[in-house]
Amino acid sequence: MRLSRTMAMVLAAATLLAGCAGPSTSGGSNGKLTVVTTTTVFADLVSNVGGDLVSVTSIVPKNADVHTFEPRPADVRTVSSAKLLVMNGLGLDDWLSKTITNAAATGTPLLQLGVDLPGVTLLPGETSATENPHLWMDVKYAELYVDRIAQALGSADPPHAATYETQAAAYKQQLETLDAWVRTQVATIPEANRKLVTFHDAFPYYAREYGITIVGVAVEAPGQDPSAGYTAQLITAIKNAGVKAIFSEAQFPTKLVDQLASEANCKVVANLYDDALGDPPTSSYDAVIRWDTTQLVGALS
Ligand SMILES: [Zn+2]
């Protein structure tokens with residue numbers, strides 16, 4: 001009697017744990033490798049490399065801002081369930097380290113996609129002491145992320161290492177096609193019009209790779225209102241450069257961009273996507289790059 005009651009309690013506890021984890025993170029029971037990423041973009045890259053062998057969850061939802069994100073208790077449980085954690089680093093999602101500590105998951109392998117990436121020249125970030133973290137917006141750099149993901153999945157799940165390599169190679173082929181497509185599209189924009197103003201500083205690597213000039217960004221750092229002096233300088237720069245359009249971004253409010261555009265006398269173009277995926281047709285990394293490029297061509301040509 002006593003034994004069976006203990007058994008019942010153990011079973012109840014196990015059910016409760018499974019319930020907390022939810023269907024998308026129940027990797028342990030369905031034989032899939034449970035991977036937890038900070039953003040939906042990285043989750044998509046992992047899904048493309050891992051296919052049916054992995055179960056991937058993003059901590060930051062698709063409509064939230066990764067820069068200012070504050071993890072909730074549920075996120076601590078999600079991190080505890082991971083067999084592999086994937087983040088960018090370079091200041092984008094450093095809040096994850098605290099979540100890892102809270103989840104007592106310091107032994108879980110942690111992949112930092114953007115840190116010490118060979119062959120990459122980093123651009124300055126918000127302050128002179130930081131570097132810009134948005135490397136994946138250059139498709140060539142996203143391919144380097146894919147290499148790292150394949151390696152990390154293979155280490156976490158050695159029996160399937162060869163499959164991860166094969167799937168990564170196929171996905172990189174797709175990204176090569178994407179990269180070539182972006183180049184042909186940007187080439188259709190008159191050279192004098194290849195100037196970009198966005199809400200936050202997510203596009204410098206894209207711009208460097210595909211030959212676009214960043215004239216400025218509406219905020220110096222996400223979550224901080226720009227000073228009046230900063231905005232005044234930006235308006236002057238926009239007017240001097242003859243920028244045709246300012247781009248808002250999906251996970252940020254449009255008010256500031258609207259004000260900027262009206263004062264600089266140029267138009268606002270519908271949302272670009274960068275740190276997070278959206279609903280279809282922007283529900284994958286490949287689709288996001290295509291969407292953004294199409295918006296640029298449409299507004300600047
Ligand atoms: Zn960002």
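1. In which loop is proline 281 found? Proline 281 sits in the loop between strand S8 (267–272) and H11; helices (H or I, at least four residues) and strands (E, at least two) are DSSP runs, numbered from the N terminus. The peptide bond from proline 280 to proline 281 is cis, and its omega is near 10°. Aspartate 116 belongs to the loop between strand S4 (110–112) and H6. Most residues other than glycine have a negative phi, and most peptide bonds are trans.

2. The model is predicted, and local features require pLDDT of at least 70, side-chain atom pairs count only at pLDDT 80 or more, and totals for chains, interfaces and linings use all residues. Residue numbers start from 1 along each chain as its sequence is written.

3. As to the overall architecture, the protein has 11 helices and 8 strands. Its radius of gyration, 21 Å, is close to the 19 Å that the globule rule gives for 301 residues, so the protein is as compact as a globular protein of that length. The radius is taken over C-alpha atoms, and the rule is 2.2 Å times the number of residues to the power 0.38. Along the principal axes, the C-alpha atoms fill a box of roughly 80 × 40 × 35 Å.

4. The domain assignment, automatic or from a database, gives domain 1 (18–180) and domain 2 (185–300). The C-alpha centres of the two domains are 25 Å apart. In contact are 26 residues of domain 1 and 22 residues of domain 2, where contact requires C-beta atoms, placed from the backbone, to lie within 7 Å. On the side of domain 1 that touches domain 2, H3, H6 and helix H7 (161–186) each supply at least two residues. The residues of that side comprise 12 nonpolar, 8 polar and 6 charged. Here Ala, Val, Leu, Ile, Met, Phe, Trp, Tyr, Cys and Pro count as nonpolar, Asp, Glu, Lys and Arg as charged, and the others, Gly among them, as polar.

5. Helix H3 (residues 40–50) and helix H6 (residues 139–156) have axes that come within 10 Å and cross at roughly 60°. Axes are lines fitted to C-alpha atoms, for helices over the stretch in contact, and angles run from 0 to 180 degrees between N-to-C directions. H3 and H6 are therefore oblique to each other; angles under 35 degrees count as roughly parallel, over 145 as roughly antiparallel, 65 to 115 as roughly perpendicular and the rest as oblique. From H3, the contact involves Leu45, Val46, Val49 and Gly50, and from H6, Ala142, Tyr145, Val146, Ile149, Ala150 and Leu153. These residues comprise 9 nonpolar, 1 polar and no charged.

6. H3 also packs with H7, at an angle of about 120° and with the axes 7 Å apart. This pair is therefore oblique as well. Asn48, Val49 and Gly50 of H3 make the contact with Tyr164, Gln167, Ala168 and Tyr171 of H7. By class, there are 4 nonpolar, 3 polar and no charged residues.

7. The axes of H7 and helix H11 (residues 285–300) come within 10 Å, crossing at roughly 5°. H7 and H11 are therefore roughly parallel to each other. Gln174, Leu178, Val182, Gln185 and Val186 of H7 meet Asp286, Ile289, Thr293 and Val297 of H11. This contact has 5 nonpolar, 3 polar and 1 charged residues.

Methods
Contact = placed C-beta atoms within 7 Å.
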